[in-house]
Amino acid sequence: MFSIYKKEINSFFSSLIGYIVAGVFLVFMGLLMWLFVDTSILEDNYATIDQLFSLAPMIFIFLVPAVTMKSFADEFKDGTYELLAVYPIQEWKIVLAKFLANGTLILIILLPTLVYVYSVYQLGSPRGNLDLGAIAGSYFGLFLVALVFVSIGLFSSALTTNQIIAFALGSFLSFFLLWAFQFISTLPIFYGQFDDLVQKLGINYHYSSISRGVIDSRDVIYFLSVIIFLLFSCMVVLEKRKG
């Protein structure tokens, strides 16, 4: 299991696309937070990095599938998954190893954004006028969102041998789970009666709660349930393909 985890990490850093994906995220995030007038921290009257936590999920819709798209698709295309399948290792261990590896990669990509926290911490008046507890909670919520997108990406990659299709499907499903239920809840059939229940089915409802610095066990259970369901679905797809 650890060898699969290690292989996935090495595969990311041994390819140019891995550095491009990480670099594009950090550069684009920096431009949005510091240079673009509509979202710039410098245009705000308060010491805050709320921009990071409101914009990052939208970027993750494309970033995470770009990281996960080749996890299984490349294995199927090159025929290496058939070799992996004959080893005495269960499908759930393969899925879990790839999930942990891709989650680690997303965490590594996120770590440099702590520079933004330090910068705003120094720029505050007085210096240090920043709610670090709420920021820690927001990072936790953002990472949970990323892990859901990782599980979506793995499931999408398990369905096809084409990286582009895996990327497109992963991005669509991530967008749908993040935003769609919020729009569906406004339909006349739900609005005023079941709109709150429908919104609870989507990621944004639970992420908005955690990003305020309030870590509710119900929100955490929601994220863990979605991740487990998607990883189980991925495992079922792999078992059928193996059969």
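The questions below take up helix pairs and then individual residues.

Modeller: This is a predicted model, in which local features need pLDDT of at least 70, side-chain atom pairs count only at pLDDT 80 or more, and totals for chains, interfaces and linings use all residues. Residues are numbered from 1 along each chain as its sequence is written, and side-chain values use heavy atoms, with hydrogens and water left out.

Colleague: How is helix α8 oriented to helix α9?

Modeller: Helices here are DSSP runs (H or I, at least four residues), numbered from the N terminus. Axes are lines fitted to C-alpha atoms over the stretch in contact, with angles from 0 to 180 degrees between N-to-C directions. The axes of α8 (residues 132-158) and α9 (residues 163-184) come within 8 Å and cross at roughly 140°. Angles under 35 degrees count as roughly parallel, over 145 as roughly antiparallel, 65 to 115 as roughly perpendicular and the rest as oblique, so α8 is to α9 oblique.

Colleague: How many residues of the contact of α8 with α9 are nonpolar?

Modeller: Contact means heavy atoms within 4.5 Å, and among the residues making it are Val-148, Phe-149 and Ile-152 of α8 and Leu-169, Gly-170 and Ser-174 of α9. Ala, Val, Leu, Ile, Met, Phe, Trp, Tyr, Cys and Pro count as nonpolar, Asp, Glu, Lys and Arg as charged, and the others, Gly among them, as polar. The division has no charged residues, four polar and, as the number asked for, nine nonpolar.

Colleague: How is helix α3 oriented to α9?

Modeller: The axes of α3 (residues 50-68) and α9 come within 8 Å and cross at roughly 150°. That angle makes the orientation of α3 to α9 roughly antiparallel.

Colleague: Which residues of α3 meet α9?

Modeller: On the α9 side are Phe-167, Gly-170, Ser-171, Ser-174, Phe-175, Leu-178 and Trp-179. The residues of this contact divide into 10 nonpolar, three polar and no charged. The α3 side consists of Pro-57, Met-58, Ile-61, Phe-62, Pro-65 and Ala-66.

Colleague: Is Ser-174 buried or exposed?

Modeller: Ser-174 is found in helix α9 and touches Ile-61, Pro-65, Phe-149 and Ile-152, not counting residues up to four places away in sequence. Its relative accessible area is 0%. Buried means under 20% relative accessible area, exposed over 50%, and partly exposed in between, with a 1.4 Å probe and protein chains only, so Ser-174 is buried.

Colleague: Which backbone oxygen does the side chain of Ser-174 reach?

Modeller: A polar contact is a pair of N or O atoms within 3.5 Å; within protein, one must be able to donate a hydrogen and the other to accept it, and residues adjacent in sequence count only if both atoms are side-chain atoms. At 2.7 Å, the side chain of Ser-174 reaches the backbone oxygen of Gly-170.

Colleague: How many residues of the contact of α6 with α12 are charged?

Modeller: Helix α6 (residues 91-110) and helix α12 (residues 217-242) pack at about 130°, with axes 9 Å apart. Beside eight nonpolar and no polar residues, the charged ones number three.

Colleague: What is the length of the polar contact that joins the side chains of Lys-98 and Glu-8?

Modeller: Lys-98 is found in helix α6 and, at 1% relative accessibility, counts as buried. Its contacts beyond four places in sequence include Ile-4, Glu-8 and Glu-75. The side chains of Lys-98 and Glu-8 are joined by a polar contact of 2.9 Å.

Definitions and conventions. Helices (H or I, at least four residues) and strands (E, at least two) are DSSP runs, numbered from the N terminus.
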